[in-house]
Amino acid sequence: MKFHSINKWAINFSYGITEISEEQKKESDSIYKSTLEVLSSFPNMPPNDTSSFLQRKLHRYPGALNYLQLNNKFKKPTDTIHIILDKSKMENLPIIEEEDTDEEKRIKIHRILEYLGIKYNNSQALLKLADLYFFGYHGYPQDIDKALQYYTFLANEFGDPQAQQKIGFIYSIGLGSTSRDQSKALLYLSFAAMNNDIPAQMSLGYRYLFGIGTERNCDESIWYYRKIADEMVKIQQSGPPLGRVLPPPKISIYEEDGGIFGKGASNAIGRPRDEAKGGPNISDIELLTLYQFIEENEKYNPSKQVIVALNYYQGNPPVTKDYKKALKIFKTAAKHLPEEIIKAETIEITDKDLEFFPKSNKLRAASKAAAFIGQMYWRGEGVEANDIEARKWYQRSAKMGYSAAINALGVMYQYGYGQLKQDEDIAIKYYIAASNKGNPDAQTNLGKILIESSQLENKLSAFNLFQQASKTGNVIASLKLADIYQSGEIIPEQCVFAASLYKTIAERASYYDTLFEEAKYDVRHKNYNAALLKYLILSEQGYEIAQSNAAYLIDEGLISIDSLFYNNSNPYSIALIYWKRSANQMNPDSRVKVGDYYFYGLGTDEFEEEEITNESSSDDDNDNDDHDDNDENNEDKEEEGNTSEKKIKKESKESKENENDSSEIDEKSRHEIQNNMIKFSQKLVSRLYGKLGKPDYLVAFNYYQEAAESGKSSLAMWNLAFMYEYGIGVKKDLYLSKRYYDRSLEINPYAAFPIKLALMKLNFKVQIHNLKCRINHREDEYIIFKEDKEGTDNKINFDSGDDETSKSINERIKLSFNGKHGNNEKELSLKDKIMKSFEINEKTKKIFYGYILKFLIGYGIGYISYAIIFYINYRRWPVFRWSLLFYIFVFSSILGTTLFNFHEELQRRLREARIH
């Protein structure tokens, strides 16, 4: 289903919209512009927070708020301005007066925009009015249903693609009073995509890639994503020399809080962070003062000078972009280059220079500053463009071996800039030198030359270069790599990898998008409802960061979903949708969150499962090809490309396990917990979170397992250990429980305290179990934890809830027992069992004697100390009392154990000293 752009005039003609004169159009545009000026004077701030102290503290626990009767239900704002979409009922154009109140001005702005849309066919005016109510801008009450009426009118009468896109998102998300309807969403988004609406095309590419509301179709997904990727790369290349600067990276609002689960518990995913929810410890004024101090007083430190200059060059908050100031500071830092290089007019770059890497930090910073000066002269940033001056500064930097400067000189040689003679051989030489130093731009430029070669060896080298460069986010390399995966000329065709790379390019080079920055602004100003709506729209376009951000805002209770979802009272059913979508795009913490939701039954009853159907194209054969040697190098992009296959395999695995595991995990144990302590904790959770749905421990286990294996999540391993310890959702296995606790500790040493407590509890449980086995003479059921010398294998056999290592440990225990006692040992009588239970083996004797020794030592020291203190205070020796025996016993045991451990440690160190 491939769409091409349709002439808007043709759509207007089909709806019978009458054309207006050029004079009327100019008048309409003038009125519209002046109206927007008045509208911009209104503050775009969130409504005042009227919640009490307890409501703010308990916002995450709706059950507790309901119990305390503090849960204020959202009331839809009363509609004081009725909608007029009929020409015959339109009044005269209102005029905004200076003495009008803000409320009167808002009403008049509403009528003006409505009038321009109906009378003058100004679709932009009606679209602006719809957006005011959709997002709740400039003091207008947020009313999704009212906005939908305007969007529907625009879609039907004007064929407006942005209105069609919004209607598609409303149906897809289920906003306002509208129920979720993926078929209608797909229809409206398809109409918008026909008119080249990029957000709609992004959404369709995502839907076809993951099979949301339609069959999975990799070819269709590639068609949409490639169209956007090509357009974004053209925009990037259309800028100054070396291309436009990419938009700022998308941020995760929870990274500033230490991740989804907080510091120490969340998986380290290396996301861009922002001061969105609290900000850094240093204020903007202090940071500006620090920059000024470094600029004026630390001219001897080029490293700090370069950092400050980069902030002015890129416009990082709190400073604004200032090319002239950045150039001045860069030149100050570049003065630390050798004097002969700075004063030289012509600089010869030798092979030795290309391989040179300065050990001095000052030289490295100075050469970096010189490269940026060359870039600014070439691009005309803060100074008049001058490619000759740019070439001189690049040569000064390249003389010190700076890879970016070497690559820039290669570009100049390739195309003949800076009065250099065009020479592709020299350009290749420079590209190779910069590529060897890991410069992604040089790797891309060299790959573009090699890919045009007729020799297969050169094409494969280009493929490897594109793989290396794409890891750093180079969009040109990613586009070339995606083309290779799609074409199947160099390597077998891999459609899912290609679609994932095109998707990554479209998301990274999103020059068209402003919603992320707007949502970031809303979060900073605590306008969480507006931020959530924008993240939901971005989530429908397939942005994983937006999906986890939206779910996080709902999960943290920072918003009231009643203002967006009029018919849905359970926020966790909405959050579960986006946690699950984020989990299917390889976010390990989101997978743990989905597992938590199924473990506790949060929103699972109201959750609408997004069924994924089989792929209708012939991509199945291609996508499953095993090309590990090529694939494992493309870490981020191709790992994301596997998400659709991962999801299908996981869902099919769950359905199969539900059928096959009935012999071990019955339906009751899958949804209920037998342990009374855990039952109590579940009741406590239900009190805090309100009504819980039906938990599904098997699904929770599968998500934890996926996060543990793919994302190496220590929290997921902790949860798996807990489930194996108590037999929740899987067969009880203390061996695997200990193994997962150990793996969790190995991955996340910051969680040592709780994990060691859990291991102590597990070991105590094992000792009790072994004691019972000894009393009942069931030595074959002993549990003995042994270190696996070959390492820990955390792959689990889902069918049995066990793995081969655990089985082998059990077999070794049984064999050792049978070898010691015989297979046909005669059954003992009750008297013999009782007498045998009093037998003590050598190991037990040593432990017992050691304990008696420690007690006597501790008792002696403790009693002597007590007697001396008593004598000092009362000038007489204490009379022995039996009541003191217990306290002295405890003190003696602790003291004796401490001294004994100290003695053993001392002996161990003496032995090590003798050996060395």
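Cysteine 218 is buried, with a relative accessible area of 2%; buried means under 20% relative accessible area, exposed over 50% and partly exposed in between, using a 1.4 Å probe and protein chains only. This is a predicted model, in which local features need pLDDT of at least 70, side-chain atom pairs count only at pLDDT 80 or more, and totals for chains, interfaces and linings use all residues. Residues are numbered from 1 along each chain as its sequence is written, and side-chain values use heavy atoms, with hydrogens and water left out.

**Cysteines and the disulfide**

- The structure holds one disulfide, a term used here for a pair of cysteine sulfur atoms within 2.5 Å.
- Cysteine 218 and cysteine 495 form this disulfide, with their sulfur atoms 1.9 Å apart.
- The link of cysteine 218 and cysteine 495 is left-handed, with -110 degrees about the S-S bond.
- Distant parts of the chain are linked by this pair: cysteine 218 lies in helix 11 (residues 218-237) and cysteine 495 in helix 24 (residues 495-508), 277 residues apart. Helices are DSSP runs (H or I, at least four residues), numbered from the N terminus.
- Cysteine 495 counts as buried at 1% relative accessibility, and cysteine 773 counts as buried at 0%.

**Helix 25 with helix 26**

- Helix 25 (residues 515-524) and helix 26 (residues 528-540) pack at about 155 degrees, their axes 8 Å apart. Axes are lines fitted to C-alpha atoms, for helices over the stretch in contact, and angles run from 0 to 180 degrees between N-to-C directions.
- That angle makes helix 25 roughly antiparallel to helix 26 (over 145 degrees; under 35 is roughly parallel, 65 to 115 roughly perpendicular and the rest oblique).
- The crossing of helix 25 and helix 26 is left-handed, meaning that the near helix is turned anticlockwise from the far one by less than a right angle.
- By class, the contact of helix 25 with helix 26 has ten nonpolar, no polar and four charged residues. Ala, Val, Leu, Ile, Met, Phe, Trp, Tyr, Cys and Pro count as nonpolar, Asp, Glu, Lys and Arg as charged, and the others, Gly among them, as polar.

**Helix 28 with helix 29**

- Helix 28 (residues 571-583) and helix 29 (residues 588-600) cross at roughly 140 degrees, and their axes come within 8 Å.
- Helix 28 passes helix 29 in a left-handed crossing.
- Their contact includes Trp579 and Lys580 of helix 28, and Arg591 and Tyr597 of helix 29.
- Eight nonpolar, two polar and three charged residues make up the contact of helix 28 with helix 29.

Key
Helices (H or I, at least four residues) and strands (E, at least two) are DSSP runs, numbered from the N terminus. Contact means heavy atoms within 4.5 Å.
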